[in-house]
Amino acid sequence: MGFAIIPMCLLFYSSFTTISVAQQAFRCTERTTCRSLVGYKSPNTTSISSIQKLFGVKNLHTLLGANNLPPSTLPNHMIQEQQVIKIPIPCICFNGTGASNRMPIYTVQPDDGLYYIANNVFMGLLTYQRIQQVNRIGNADVIEVGQELWIPLSCSCEEVDGERVVHYAHLVEEGSTVEEIAEKFGTTSDTLYRLNGIANDSQLIAATAFDVPLKACNSSVRSDSVDSPFLVPNNTYFFTANNCVKCNCDAANNWTLQCEPSGNKPSSWSTCPAMQCEGGLLTIGNTRTSGCNTTTCAYAGFSTDQNISTTLATQSTCPVTTGPGASPGNFASRIGLSRNYLFIYIHMILLLVYLL
């Protein structure tokens, strides 16, 4: 079996370079798992199925959903050179940080080195030292062709300001600023500084992973569901419940998760179970309107015994007539109506007194 050699001069130089932002960020103190995203900038024009294979994403629909590509997108769909693709990964927290849970697995090719794998194959999403550490490679200078390496991509499951989010490993562009990144992803500069352990833009290192929290849509998924916590960020969709349910998040829809039967063949069940709400009048995704109230049959999770849970969620668009948020016109008209009743009541009393 052949060997791939890392040039000694490169190793010497790299050991004295500044620790990447990714090594300081993605803190993860909870012993838990979650779904995260990493931003991969394709080094060349390639098919989306090739990227799926490189990162070990089992289901193409999962990759399509993370990038809001139509479910009908074919495996030979081309991704252009330098195009950024969001890769969904399972995240596990250990030793104070998060890493993709035993995926992807990369097979060493001739002339590969750890530095090359980290920076040219996986485009700087992690350092070669990180690969060496988790794979317990004693001598970073020598790796074997055909050797399988766990590539521990940076991720986190931590709440941000008391809110569950989807952590995204954003690959920093040359010349970008924290303010620009914050504006692009709908967060604040202060949050990004704090999460990534930096004080100013001078510490922002190009071509490294940067922890960005993505807000997720509100959902009705129960805490005991197999897919809990069920977090779907804006402009993405996700197939769950063994591929039976498709849920998408759109900030324009009041940050409320929208789910419906996927119409797909289940991944492990013989068939998709019934997805009706109590009373059987509505199925997942269906709504009914009564006056100014809209009731939706919402997805609430699934269990391993082939059961999909639902719940009725009601949203009201009725105008507020009292309290701090009262509509002035409605409140005024209500006061006017009360005065009319009082006027009639007084006249009736006077009439009774007269008759007596």
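Strand E2 supplies four residues to the lining of the largest pocket, the largest share of that lining. Strands (E, at least two residues) and helices (H or I, at least four) are DSSP runs numbered from the N terminus. The model is predicted, so local features need pLDDT of at least 70 and side-chain atom pairs count only at pLDDT 80 or more, while totals for chains, interfaces and linings use all residues. Residues are numbered from 1 along each chain as its sequence is written, and side-chain values use heavy atoms, with hydrogens and water left out.

The volume of the largest pocket is about 840 Å³. Its lining has 27 residues, and Arg-35, Thr-62, Pro-90, Phe-238 and Phe-239 are the closest to the centre. On a 1 Å grid over the protein atoms alone, a pocket is an open set of points with protein on both sides within 12 Å along at least five of seven lines, whereas a cavity is a set where a 1.4 Å probe fits but cannot get out; lining residues have an atom within 4 Å of a point. Points are joined across faces, edges and corners, and a volume is the space filled by probe spheres set on them. At least two lining residues of the largest pocket come from each of E2 (33-41), H4 (60-66), E5 (84-94) and E13 (236-240).

Two cavities of 30 Å³ or more are found in the whole structure. The largest cavity, of about 140 Å³, has 14 lining residues, with Arg-35, Leu-37, Leu-231, Pro-233 and Phe-238 nearest its centre. The second largest cavity holds about 40 Å³, and its lining includes Arg-35 and Leu-231.
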